[in-house]
Amino acid sequence: MTILILALFGLAILGMAAYGYKVSAKTAEDYMLAGRTIGVVVMFFFVLFAVSSSWTFYGYPGFLYLHGPSYIYFVWGSVAGFAALYMFLGPRLWAIARLNRFLSPVEVLAERYESPFLRVLLSLMLLVFIVPYVGIQPLGVGLGFKTLTGMPIIVGAAYTVVLLVILVILGGMRIVAWVNIFLGSVYASALLGSLIWAFNRLIPGGLKAAAQTLMVQNPEMLSAPGPLGYFTPVVIGGTMVVGLMAFSWPHIVIGVMTARDKVLFKWFPILIFIFGGVFFYTLPFIWGSLVAPVVMPGVTGKEAADSIVQTIITQKLPSWFSVYVLMGVIAAAVSTAAVQLLTSSIIIARDLIQGFFKPEAEDSKIVKWARWSVVGITIISLVVSLRYTKAMALYLTEVTIPGFAQWGPALVGGILWKRGTKQGAIVGTLAGLIYLVAGLLYKPLFFGMHPVMPTIIVNMILYIVVSLFTERPSEEIKAKFFDEVEEFLEAD
Amino acid sequence: MREILRHTPGKIFVGILFLSVVGMLFVTRYFTAKILVFGWMTLPLFAGLVMTLVWLVAYLIYFFKYWPYR
């Protein structure tokens, strides 16, 4: 029965991908940016569930379970970071891309700074940090498969990879965005449903009863620094700053460029604040910080903590519900990995292949390269993830997020600061990247801080100082990236 | 952002958001207290909900009344 349900679920996703292929315009703009036609509701589901990977079901509640409630500061930082992207950077980035028919955010910056070298640097840097991330999602599903059905991890991973590759190759950005509505609904209902069920079945007194139980049995779970003494005020603050850097995640930045019109930027933050901040991310928080410690106390070790929610659901709730929750986890994994995969393939096809080797290539060729690179990226990401399984959980927080952050100063400065120069962008980005790699190899270089903090400070300072001491951008660039953009946005 | 910082309502808007983030960092020193708001909300959750509501109200007022591109 479990296999049948998961097969039908997979077929539903493939059916949507096939439909998307049928109705798509077969142009590069349609495949990569959904023809720039995404409205506010689709955009919301698209972005929220591109962000909400299987981490929201495993890593997030697992870390709360081990270290107490302060980890939610990462989410508060992320909510502010996403809102800032759409309120402060979004309208201008969207307008620049639309006016100049740019298809990738890396292309926007390469043109803004008039630097082919920066295009290669940013492309390779983002690919290095995003590609292993893609492979983690199928492996997460494989783990869920194994817990539920007893089948080897590779079965669940293979199931997810097939769904992912076909969805992205056939559907492109438009169908990935639409499918995210379906996947997001499955995931949100699984998360909410399991929480309500757990309270009804296991903690009839509700939230207050859970909190009061913890106050008696394990009060460290209700405050900082948490049971293991991890969350000092400095660490909590650093966790929030890491979350704030969410505005620089490339698979989220590219979403801005798919917007239908500027009205989206006026309405979108409402959904981020109410549905994302107040509602959605509070569900795994309650699971990890209140329900799990009450229902199943005493679990130690990161691996066991990461699967604490699934373990409780599998052991305490009806078996059919476990299948539905696994569908939710698959939905979360596919919705995130699909957007990451598509973003990577766009960078390869548009910025590396067309940008350097085939500048005159037709749309059909670019789309073809993007589709082929989907297969290549999937294989590489899976090989890397399987080869370094134990290091992958750390890779996300310690490597990927600091890595994404390194294009932040060039991105923000390029869109908002007329004085930002090519030399500033290159020196800042390279310095931040080299510092990050050196610090990962020799930890004392970070002075006890999260890798994001010292690297982004060095990157930002160098970007500003070098820009101020080098020749101003040309008048043509200022007109193209600032004056014309403002005129366009001011027009009705 | 450039358009927001060009006029007074925009500067006030950005100032409120900035202060709320500073406030979030400042209140972390009180998180050692085992206080439950409404009987179940731990302080890190409550602080973030307050910040989100501050951002929501400030955004609604600014983006629907003053944003130059509205």
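Me: In chain A, among contacts between residues at least 6 apart in sequence, what share join residues at least 24 apart?
Reply: In this predicted model, 85% of those contacts in chain A join residues at least 24 apart, where contact means heavy atoms within 4.5 Å.

Me: Before I go on, what should I know about the numbering and the model?
Reply: Residues are numbered from 1 along each chain as its sequence is written, while chains are lettered from A and ligands numbered from 1 in the order in which they are written. Because the model is predicted, local features need pLDDT of at least 70 and side-chain atom pairs count only at pLDDT 80 or more, whereas totals for chains, interfaces and linings use all residues, and side-chain values use heavy atoms, with hydrogens and water left out.

Me: OK, how many helices and strands does chain A have?
Reply: Chain A has 22 helices and zero strands; these are DSSP runs numbered from the N terminus, with helices being H or I of at least four residues and strands being E of at least two.

Me: And what is the radius of gyration of chain A?
Reply: For chain A the radius of gyration is 22 Å, close to the 23 Å that the globule rule gives for 492 residues, so chain A is as compact as a globular protein of that length. The radius is taken over C-alpha atoms, and the rule is 2.2 Å times the number of residues to the power 0.38. Taken along the principal axes, the C-alpha atoms of chain A fill a box of roughly 65 × 50 × 45 Å.

Me: How much of chain A counts as buried?
Reply: Of its 492 residues, 62% count as buried, and here buried means under 20% relative accessible area, exposed over 50%, and partly exposed in between, with a 1.4 Å probe and protein chains only.

Me: Where is Ala292(A), and what does Ala292(A) touch?
Reply: Ala292(A) sits in helix H13 (residues 282-295) of chain A and counts as buried at 0% relative accessibility. Not counting residues up to four places away in sequence, its contacts are Tyr65(A), Trp287(A), Pro297(A), Ile308(A) and Ile312(A).

Me: Changing topic, what about the backbone in the loops?
Reply: Most residues other than glycine have a negative phi, and most peptide bonds are trans. Glu114(A), however, has a positive phi near 50 degrees; Glu114(A) is in the loop between helix H6 (105-112) and helix H7 (116-149) of chain A, and is partly exposed, with a relative accessible area of 46%.

Me: Is Phe447(A) buried or exposed?
Reply: Phe447(A) is exposed, with a relative accessible area of 65%, and although Phe447(A) is not a glycine, its phi is positive at about 55 degrees. Its place is in the loop between helix H20 (422-441) and helix H21 (452-468) of chain A.

Me: Which peptide bond is cis?
Reply: The bond from Ala224(A) to Pro225(A) is cis, with omega near 5 degrees, and Pro225(A) is found in the loop between helix H9 (206-217) and helix H10 (233-244) of chain A.

Me: Now chain B, how many helices there?
Reply: Chain B has two helices and zero strands. Its radius of gyration is 15 Å, well over the 11 Å that the globule rule gives for 70 residues, so chain B is more spread out than a compact globule. Along its principal axes, the C-alpha trace of chain B spans about 45 × 20 × 15 Å.

Me: At what angle do the axes of H1 and H2 of chain B cross?
Reply: The axes of helix H1 (residues 8-26) of chain B and helix H2 (residues 43-65) of chain B come within 10 Å and cross at roughly 175 degrees. That makes H1(B) roughly antiparallel to H2(B), a label used for angles over 145 degrees, while those under 35 count as roughly parallel, 65 to 115 as roughly perpendicular and the rest as oblique. Axes are lines fitted to C-alpha atoms, for helices over the stretch in contact, and angles run from 0 to 180 degrees between N-to-C directions.

Me: Which residues make the contact?
Reply: Among them are Phe13(B), Ile16(B) and Leu17(B) of H1(B) and Met51(B), Val54(B) and Trp55(B) of H2(B).
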